[in-house]
Amino acid sequence: MAKVIHRLTRETIDRIAAGEVLQRPSNAVKELLENSMDAGATSINISAKDGGLKFLQIRDNGSGIRKEDLPIVCERFTTSKLQAFSDLESIETFGFRGEALASITHVAHLSITTMTENAKCAWKAFYKDGKLVNQDGSSPGKPIPSAGLQGTTITIEDLFFNTGRKKMMKNTREEYVKIVQVVTSYSLHYSGVSFSLRQKNNARSELQTATGATVLDNIRNLFGPKVARELVEVEHTWNLTGSKSDLDCLPGDVPDNTTPTNSSKACTLTGYMSKPSYHARKQHFILFINHRLVDCRPLKIAIDRMFSEYLPKACHPFIYLDLRLPANIVDVNVHPTKSEVRFLGQDSIIEEISQAILKLLQGTNTSRNFYTQSLLTDVDLKKPRSKKKASDSDRPEGTAPPKPVAPHLKVRTDSKTQRLTSFFSPVQSNPNISSPSPSPSPSPTSGGAQKRLRTGEPAHVHEINLDDEEHEEHEHEHGHGHGHVHDHDQEPHSGEPPAKRAKTTSANPYVVIPTRSTPLLTSISQLYEDEEDNEHRKIADIFRDCTYVGGFDGVKVLVQHQTELFILDFARLSPALFYQEALLSFAEFNAIKFDTPAPSLALLTHVLRDPQHATILGQSDPEAKAKELLDSLLVHRTLLHEYCELEFDEYGALCTIPQIVANYVPALEDLAIFLLRLATQVDFSNEKPCLKMICRHLAWFYRLDSSHRNSKVVEEGVDPKETEQWKLQHILLPFACKRFRPPQSIAKDGSVVRVASLEKLYKVFERC
């Protein structure tokens, strides 16, 4: 007996259609992200609970939805991006069918809060089965006024609550990972847009990108610096030429009998791919065609086939490609979730892309880096090793034998062993080449409780001996005595007055004068408490327990912390370090006094002639503007002198600058710009912001900058203590280890980079 054919109910039809468009929560995220991008959003925030099944919310700052459109916005086939079928040939927006929101309302509870530009308030609406309803589910419904910001917030609750698909998705963690992958892909392609992803009830974002960041910045942020270092940029442009009869027709095209005509279509390919030296077990293949995140299996297979000749078995590269094709040769309406597209001349386009990538691979495979370990020069290989082991009789009674430590967890550190610099040979000076005389770079040293400094003729040097107990207590408070800096040239105590035991060496025209005792301000205490609250605990542990291994580039040091090796970049760290110490030492600085006061007016005039400060100068004469800025500083000369040891004489010349860290003096090349910053960027009318900006500018002035620091290898005959690398090892690093509270921001800016881990090295060698 033949079965009866009958029409399906509208509810059944809509749920079947919803199941095609929404296969899992990540599909809903993709559809709503694309809606936000079509609305011109520059900031998109996503929050999810239970992998998006229980709760999913997307908030953007786009153009919003008009109140008049809210009644039909969730009906099927309602869209603002398409009017006729012919528009598909040149469609440039993501959405065009108007099915996403409608499909969601049939399998979840959906609400929309939206506000357009210049609207008096936001409007909130609730939807069920594509219809506008009231909050209790009754119909007909109407939008209700609500508080909000410009943009749209779409909230989805209980996704797939009325279907059997939810029972199949028991692993909510897997669904959340799928959402992370979608958001990560779009954050790479739309690098100028800020994306944020977090789990509901968790204030910390698990994925965060900044507005205006580049693609490479986001790759470094999301995939790590190791991946970013191994990337090569892909950039290729070509014309897709050929006749229409040679190309595949788009679905829906009607073949004609006209004579084929030649056409030329511009195509571009950009992105990043990893070099042959990088490989990973997990595959990262991100492809955008005309700004759409899609899968193209033939292209993926072709690229994998090329990389298989360079990578180990079962390893994959990192690929991000942005393919731009003429809109009229791309068919975007071939898949319910729009995850696939088809285009004319697919074979020729894939061949062109493959050849471009192959050419890049061949160019980046000309050299490889291999790391070897040098033989330690102070190891006596002929000396036999002792085979004696500690016996149980040597252990105190009542104590259990120590538990054996796994080899990959043993911390092997001996601070008395040689450094990396012991492998470097001094550079032989060429007598035929006259080296320029070094600029006077003040470099004070300290030993014990004495303040010592070195100056040259004809300047007079005064060595000031503070009271031992008082000075030792001051150094303990401010950390100036930390670092174990020993001055081998220091003469023994002779019983003479301190001023008669002066020592003169290199030309440094200043004198260190003792500090005054001034009560600490409440604003300064609050600013330092903010630094304490913002401390990165894990990085702080690295500073508290690390061993110096070596230095390079003049501003970087290699240190060991437990079983890991780190690079500390003091060019990035030093502003935060000096800012914190400026807060702690505020109003209690030692002063560095110049024998010849610095001509402030001449310095300001000189720096104002620089074109980069044209906005400050305006139409004014540089000398007149400099006089005006100097007068604005002299109005507050008492404050600057009492709190910051910035003393100006009656002529406006700068006599002293503060000494933030003992034995360390800033580069005087930036003194003019430092004065300009004080005069133009400090609001002296508000106490807390004023003191904060003064300390910030002092930290900038003291910062370690490789552009004006000597980072070369020490030449023969030069005192190593005069080099910046020596000061970094013996002064700044010990000081930072004792005093520095690393802020959260340095975890992502490359200030601290892990270069090796003993545990991971063991895993590598276990596989060999």
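This report looks at aromatic rings and charges over rings in a predicted model.

## About the model

Local features here need pLDDT of at least 70, and side-chain atom pairs count only at pLDDT 80 or more, while totals for chains, interfaces and linings use all residues. Residues are numbered from 1 along each chain as its sequence is written, and side-chain values use heavy atoms, leaving out hydrogens and water.

## Aromatic pairs

Let's start with the rings. Rings of Phe, Tyr and Trp (its six-membered ring) pair if their centres lie within 6.5 Å; planes under 30 degrees apart are stacked, over 60 edge-to-face and the rest tilted. By this rule there are 11 aromatic pairs. One of them joins Tyr186 and Phe288 edge-to-face, with 5.4 Å centre to centre and 85° between the planes. Tyr186 belongs to helix α5 (residues 172–189) and Phe288 to strand β12 (residues 284–289), so this pair ties together parts that are 102 residues apart in sequence. Helices (H or I, at least four residues) and strands (E, at least two) are DSSP runs, numbered from the N terminus.

Is Tyr186 buried or exposed? Tyr186 counts as buried, at 0% relative accessibility. Buried means under 20% relative accessible area, exposed over 50%, and partly exposed in between (1.4 Å probe, protein chains only). Phe288 is also buried, with a relative accessible area of 0%.

Phe578, Tyr664, Phe674, Phe701 and Tyr702 come together in one aromatic cluster.

A charge sits over a ring if NZ of Lys or CZ of Arg is within 6 Å of the ring centre and within 35 degrees of the ring normal. Lys67 lies over the face of Trp123, 4.0 Å from the ring centre. Arg703 lies over the face of Trp700, at 4.3 Å from the ring centre.
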